[in-house]
Amino acid sequence: MSEAPSQERRELFCWRRIDMVGLELLALRRNAEGVWVESSVICGWQGGYRLDHSWQLTPDWRTLSLGIERWDADGRRSLSLKRDGNRWLVDGEPRPDLDGADEPDLSVTPFCNTLIIRHMLADEGSTLTVDTAYVNGDDLRVSRSRQRYDFKASGCFRYVDLGLAAGFEADLHVDNDGLVRHYEHLFERVEVSS
């Protein structure tokens, strides 16, 4: 006798940039086996480009892999990150400078903040400092960077960049799943009507 398929949940999310022209549509699919994300971002800066990103996550929202494709006037470029134990492979090659980094952080989307927020204790005064494999969406460079998240109140976290953009801080307002509703200075969620 075959097992019944696990219950699957599918959702769409849309964010718009509030600091410049940009829009993202993200499809999230999850079940007991894991979480899958496919998204397209349209960026109206750096000459304009489209960036597609797809994630495969564990059931507890840890990144297994991230694939990126970027199109602009010069053509198409791609990038892949894959977790290999405590290491990261970038385009299949080990990157020792990223060893131990907690999660990827893709600059053009607020989705990656969810990955850290979901692993925080939602206790007043709790804080979590992490290293990330930061991916700059404008040029697809990958660098190590450090960030801190402070729990402020139910559904509200303070993001503090301690690495590549040291000094940048923003309040993140999130829903019950840790997905960003409003990212101070950068993003706000647009409701998708059915």
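Partly exposed means a relative accessible area between the buried limit, under 20%, and the exposed limit, over 50%. I worked from a predicted model.

**Entry: R181**

I looked up R181 and found that at 40% relative accessibility it counts as partly exposed. I located R181 in strand β14, which covers residues 180-183. I then listed its contacts, leaving aside neighbours within four places in sequence: H173, V174, D175, E188, R189 and E191. I also checked R181 against I116; the two are 65 residues apart in sequence, and their C-alpha atoms are 15 Å apart in space.

**Entry: cysteines**

I searched for disulfides and found zero in the structure. C43 is in none, and the nearest cysteine sulfur to it, in C112, is 13 Å away. I noted C43 as buried, because its relative accessibility is 2%. For C156 the closest cysteine sulfur is also that of C112, at 18 Å, which is too far for a bond; the cut-off for a disulfide is 2.5 Å between sulfur atoms.

**Entry: strand β1**

I followed the pairing of β1, residues 9-17. Eight bridges join β1 to β2, residues 22-31, and the two strands run antiparallel. I recorded β1 and β2 as a hairpin with four residues between them. Within this pairing, C14 stands opposite L25 of β2. I then looked at β15, residues 187-190, which pairs with β1 over four bridges, again in the antiparallel sense. There I noted F187 of β15 as the bridge partner of R17.

Definitions and conventions: Residues numbered from 1 in each chain as written. Predicted model: local features only at pLDDT ≥ 70, side-chain atom pairs only at ≥ 80, totals over all residues. Heavy atoms only, no water. Buried < 20%, exposed > 50% of the residue type's maximum accessible area, 1.4 Å probe, protein only. Contact = heavy atoms within 4.5 Å. Pairing = 2+ DSSP bridges.
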